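Student: I have a structure open and would like to go through it slowly. Could you help me read it?

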Amino acid sequence: MTQDAVITVRNLSKLYRIGQRVARYHTIRDTITHGISRAATALLHPGRTLEKTEDNTIWALRDVGFDVQQAEVVGVIGRNGAGKSTLLKVLSEITYPTEGRVEIHGRVGSLLEVGTGFHPELTGRENIFLNGAILGMKRVEIRRKFDEIVAFAEVDKFIDTPVKRYSSGMYVRLAFAVAAHLEPEILLVDEVLAVGDAQFQKKCLGKMDDVARKQGRTVLFVSHNMAAVQSLCNRCILLHGGRVECQGPTDDVIARYQAMLPKQKADHVDLREHTGRRRNSSPLMQRVTLTDGKGQPVSVIPMGEGLNVEVSFIAKDRPLRPFLGVVIKNFIGASVFGIDNRMVPGFVLDAVTHGTVTCHFERLPLMPGSYTMDLYLGDEHISMDAIYDAVSFDVIPADVFGSGKLPHAGVGSVFWPATWSVRANAKP
Amino acid sequence: MNESAATVIHTKIITPPKGWLSINWREIWLYRELLYFLTWRDVKVRYKQTILGVLWAFIQPFMKLVVFSVIFGKLARIDSEGYPYPIFVYAGMLPWQFFSEALTRSSTSVVGSSNLITKVYFPRLIIPIAAVGGCLVDFLISFSILFGLMFYYGVAPTAATLIVIPLIFLTIVAALGAGTLLSAMNVSYRDFHYLVPFALQIWMFATPVIYPVRIFPPRWQWLISLNPMAGIVDAYRSAILGKPFAWGHLAISLAVAIAMLFWGLFYFRKTENRFADIV
């Protein structure tokens with residue numbers, strides 16, 4: 001059996017009605033009034049094709065096919081909306097395919113989210129049992145691993161406290177700990193590592209690595225975090241527009257993925273219909289423009305030069321006191337640094353309905369290479385709109401240290417000036 | 001799901017759902033622990049951060065009993081077939097209360113569990129079943145008040161009282177039938193969220209809870225029994241108070257309750273594949 005594929009996917013397609021995903025639910029009245037408004041549109045604008053959005057359908061997956069062998073760790077990558085999450089949902093039987101066939105040999109555990117079913121009113125102990133049962137663990141199994149889970153989560157003292165009193169860090173740790181102790185033969189994981197503090201993320205990555213390498217289980221891992229994919233997966237599948245763009249060794253596929261990104265490279269990007277927009281964001285951001293120190297639009301900047309990120313927005317219901325968060329990511333999608341105006345002291349913004357927020361980097365300490373930027377816009381403390389990989393730009397080498405030498409890329413993503421001194425020590 | 005059976009290969013084939021879909025009872029059985037935990041969560045959460053805790057399961061029906069006895073028994077002097085009104089009304093209120101609570105909770109249960117439905121796989125039918133199960137616990141607790149009343153009014157239990165046990169199952173069937181149907185409909189049409197509480201109020205007055213069946217002319221009583229709760233509530237009274245059973249009416253109610261359960265299960269099964277996409 002070991003040579004046989006444990007997951008076989010053939011011609012898998014999933015059709016969504018766009019209206020289904022956007023309009024979350026409807027009432028009978030909506031159906032009626034909607035019918036009336038459509039009829040009115042038809043009468044008043046006879047030429048217009050009716051309602052593209054409501055009746056439009058989208059193939060979230062189209063003719064997807066691949067095999068996963070026993071004990072393989074396969075990464076699934078792709079931009080937002082490429083179909084990664086839909087693929088996992090179909091494999092986990094949460095939603096059904098429209099066409100095609102999947103064959104799975106082995107017990108499947110899927111982790112599409114950590115802490116699914118956690119109830120704030122219940123204690124840590126109660127939630128471990130509840131969450132374990134939801135993830136498909138038997139009661140005896142949970143009881144056996146209970147101490148291990150508590151130790152992993154580092155919440156021993158608070159195990160009988162309702163989780164609503166937990167800090168968000170503790171909550172996430174406990175949730176992950178339960179999930180990490182699942183022991184299916186096939187594990188499907190979606191972005192769960194995008195939570196928690198850096199130290200805990202590292203611990204989770206270690207645990208995942210353990211699961212895959214030492215215990216020989218098969219893992220399908222969906223992530224935006226190319227660094228994590230690179231360190232965990234031997235093989236990758238790249239999805240684009242619901243189709244398999246390519247599959248093969250991780251490095252090759254990631255390179256291909258990166259090659260797809262720079263299409264967005266431009267001194268400005270229209271953000272209104274951006275595909276990287278996080279699900280459930282309200283689309284406030286209209287356009288992002290990158291300009292250099294002199295205000296000229298740029299998409300390539302020399303090392304050490306200044307950069308302005310100008311984001312225009314239109315508030316929907318009421319004026320915003322806009323905060324803008326910028327996260328700069330390197331070519332494998334690992335975050336280099338991020339900043340938002342709420343961190344800066346004494347910075348009070350006026351309430352604006354239509355406006356542009358500009359983030360000015362005095363000197364960008366980036367090494368040569370390709371970078372992308374995630375943008376977050378919100379009202380004071382509430383994040384409202386988020387776009388991953390909103391815009392890309394290149395940094396080209398420059399003689400930043402004034403030595404006539406160009407620094408080498410490959411030592412990292414950031415350069416920082418240093419001063420040096422040498423002194424001779426007395427002979428011992 | 002055998003723990004130690006590493007040699008057993010679980011093969012699963014996923015294809016688009018087609019045609020008639022039967023209910024996979026075996027799978028629901030495999031997930032019985034989840035059913036237990038979801039039921040337990042419902043009960044546990046209901047009385048968290050309340051001072052009186054589970055005492056509320058006594059207080060609520062008791063207060064209702066007092067109000068009903070005063071208004072309908074003392075002031076309106078509604079016919080109670082010769083039995084003391086409090087025990088007469090409580091014998092009817094008890095199953096009705098369970099039914100109405102179970103229906104309210106199960107009809108919103110699927111929408112309320114959207115976070116589970118979009119993130120984990122398990123037989124969806126467990127959700128409305130657990131909602132009904134959670135109410136069953138309260139129901140059994142409020143039963144103890146009935147024993148108190150029987151003792152107080154000197155109504156001795158007879159062999160016929162044991163018929164209460166199958167009647168409880170029948171009430172579950174009625175609640176589950178309407179509950180699964182409404183829970184699935186609520187996913188597509190949130191109107192039911194508003195409709196159900198309102199409909200239940202009317203339904204209660206259409207059911208012989210505060211009044212006896214005999215206020216209707218005998219030849220129309222079968223028609224009343226088309227309401228499954230009518231026959232059930234009346235049968236509870238027969239079992240508890242020792243009045244003769246109206247078997248014919250109970251049979252009609254039973255048939256309607258079972259038909260409703262089939263309809264509910266069928267509709268639920270037919271629409272559940274879309275739950276994750278539209279909830």
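**A strand pair to begin with**

Tutor: Let us begin with one residue pair: V73(A) stands opposite V219(A) in β7(A). Strands here are DSSP runs of E with at least two residues, helices are runs of H or I with at least four, and both are numbered from the N terminus. This is a predicted model, in which local features need pLDDT of at least 70 and side-chain atom pairs count only at pLDDT 80 or more, while totals for chains, interfaces and linings use all residues. Residues are numbered from 1 along each chain as its sequence is written, and chains are lettered from A and ligands numbered from 1 in the order in which they are written.

Student: Which way do β3 and β7 of chain A run, and how many bridges join them?

Tutor: Strand β3 (residues 73-77) and strand β7 (residues 218-222) of chain A run parallel and are joined by four bridges; two strands count as paired if DSSP finds at least two bridges between them.

Student: What sheet do they belong to, and in what order do its strands come?

Tutor: In chain A, six strands form an open sheet with mixed pairing, and the order is β5-β6-β7-β3-β8-β9. Its edge strands are β5 (108-111) and β9 (243-249) of chain A, each of which pairs on one side only. On average, neighbouring strands of this sheet are turned by 15° against each other, with direction ignored.

Student: Which helix packs on the sheet?

Tutor: Helix α4 (residues 84-91) of chain A does, touching β3, β5, β6 (186-190), β7 and β8 (235-240) of chain A, and its direction makes about 150° with that of β6(A). Such angles run from 0 to 180 degrees between N-to-C directions, using axes that are lines fitted to C-alpha atoms, for helices over the stretch in contact.

Student: New topic: how many residues of chain B are in contact with chain A?

Tutor: 31 residues of chain B are in contact with 39 residues of chain A, where contact means that the C-beta atoms of two residues, placed from the backbone, lie within 7 Å. On the chain B side, α2(B) gives the largest share, six residues.

Student: Which strand of chain A is joined to β1(B)?

Tutor: Strand β4 (residues 99-105) of chain A is, through four bridges, and the two strands run antiparallel. Within this pairing, the bridge partner of E103(A) in β1(B) is I13(B).

Student: And D389(A), is that buried or exposed, and why?

Tutor: D389(A) counts as buried because it has 20 C-beta neighbours inside 10 Å. The cut-offs are 20 or more other C-beta atoms within 10 Å for buried, 12 or fewer for exposed, and in between for partly exposed, with C-beta atoms placed from the backbone. D389(A) is found in strand β18 (residues 382-396) of chain A, and its phi is near 50°, a positive value in a residue other than glycine.

Student: How does E81(B) count, and why?

Tutor: E81(B) counts as partly exposed, because it has 14 C-beta neighbours inside 10 Å. Its phi is near 55°, again a positive value in a residue other than glycine.

Student: Last one: what is the mean pLDDT of chain A?

Tutor: The mean is 81, and 85% of the residues of chain A reach 70 or more; pLDDT is the predictor's confidence in each residue, from 0 to 100. Over residues 20-25 of chain A, however, pLDDT stays under 50, and the model has five contacts beyond four places in sequence for them. Where pLDDT is low, the predicted coordinates should not be read in detail.
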